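User: Could you walk me through the surroundings of the ligand here?

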Amino acid sequence: MVGYYTKMDIKENISEILKTLPERVRLIAVSKTKPADYIQEAYDAGQRVFGENRPQEMAAKYQILPKDIEWHMIGQLQEKNVKYIADFVSLIHSVDSLKLLRKIDREAEKRGRVIDCLLEFHIANEASKSGLTESEADELLGSEEYRNLRHVRIAGVMGIATYTEDRRQIQQEFHHLRQLFDRLKEKYFPEQGFFREISMGMSGDYQIAVEEGSTMVRIGSSIFGERVYKTKN
Ligand SMILES: *Cc1c(COP(=O)(O)O)cnc(C)c1O
C-alpha cells in the first residue's frame with residue numbers, strides 16, 4: 001500500500017528538507033489526512049508547525065496533541081467552519097474574500113484574539129485553483145470595511161502554482177506572487193513589519209519557490225508519504 005512510511009522516515013525526511021532550506025524559510029509540515037501519531041513523530045523530531053485543510057480534522061488533532069504546536073489552515077475555508085479553529089489557529093493561509101475575513105474577524109473578536117491571515121492569490125494557469133485576482137485584492141484592501149476590522153491581521157500572501165512538469169512556468173508563477181507581495185507591501189503595508197510572509201512551495205516545487213523568495217513552504221508528501229484518501233476520485 002502507498003504512503004505507509006515508518007516513523008523513522010518522518011524524522012529523516014524532515015531533517016533532509018531542513019538541510020535544503022535557508023534560515024528565513026519556515027517549514028509547514030502538511031499533515032492533512034495523516035493520523036495524530038505521525039504528527040507526534042514529527043513533533044518529537046522538533047517540528048512545531050503543521051498545516052491542515054479541514055477545520056474539524058484540525059480541531060480534533062489540536063485536542064489530543066501538544067499545545068505548543070502552531071496550527072496553520074491551508075485549505076479552502078467556509079465561513080460556517082471558522083468557529084472550529086478560531087480558538088487556536090495561528091495562521092490562515094487561504095483568505096480569498098472580504099466575506100471570509102469579516103467572519104474570521106467576528107469569531108476572533110468573540111475570543112479576544114487577533115488572527116493572522118494570508119491573502120490567497122490565484123497564480124496558477126488552472127481554472128480549478130482558488131484565490132483572489134490582483135484587482136479583487138485591491139478592492140478588499142482599499143475598502144473601508146477592511147480597514148475597520150480589528151481582529152484580523154494580514155501577514156502576507158499565499159499561492160499554489162500549476163501542477164506541471166514545466167519548471168519555467170512554475171518559476172514564473174512564483175515570481176509573479178513575489179511581485180504582487182512587493183506591490184501590496186509598498187501600497188498598503190509600508191510600515192507594517194508583520195506583513196512579511198510569502199507562503200509558496202509544496203513537495204514538488206518548493207525549491208523553485210525558495211529561489212523566488214518564499215518565506216514559508218507547505219510540504220506534505222515529502223515528509224509523511226503520499227496521501228491515501230478514503231473517497232475515490
Ligand atoms: C496538500 C497541500 C500542500 C502539500 O502538498 P504536498 O504536495 O503533499 O507537499 C500544500 N499546500 C496546500 C494548499 C495543500 O492543500
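This is a predicted model: local features need pLDDT of at least 70, side-chain atom pairs count only at pLDDT 80 or more; totals for chains, interfaces and linings use all residues.

User: How do the residues of the shell around the ligand divide into nonpolar, polar and charged?
Analyst: Residues are numbered from 1 along each chain as its sequence is written, and side-chain values use heavy atoms, leaving out hydrogens and water. The ligand's surroundings, with a heavy atom within 4 Å, include V30, K32 and M158. The shell divides into six nonpolar, three polar and three charged residues.

User: Which residue has a polar side-chain atom 2.5 Å from an oxygen atom of the ligand?
Analyst: Pairs of N or O atoms within 3.5 Å count as polar contacts. R218 places a polar side-chain atom 2.8 Å from a ligand nitrogen atom. The residue asked about, with its polar side-chain atom 2.5 Å from a ligand oxygen atom, is S203.

User: How much of the ligand's exposed area does the protein bury?
Analyst: A backbone N or O atom of G220 also lies 2.8 Å from a ligand oxygen atom. Taken alone, the ligand exposes 380 Å², by the Shrake-Rupley method with a 1.4 Å probe. Of that, the protein buries 89%.

Technical notes
A polar contact is a pair of N or O atoms within 3.5 Å; within protein, one must be able to donate a hydrogen and the other to accept it, and residues adjacent in sequence count only if both atoms are side-chain atoms. Ala, Val, Leu, Ile, Met, Phe, Trp, Tyr, Cys and Pro count as nonpolar, Asp, Glu, Lys and Arg as charged, and the others, Gly among them, as polar.
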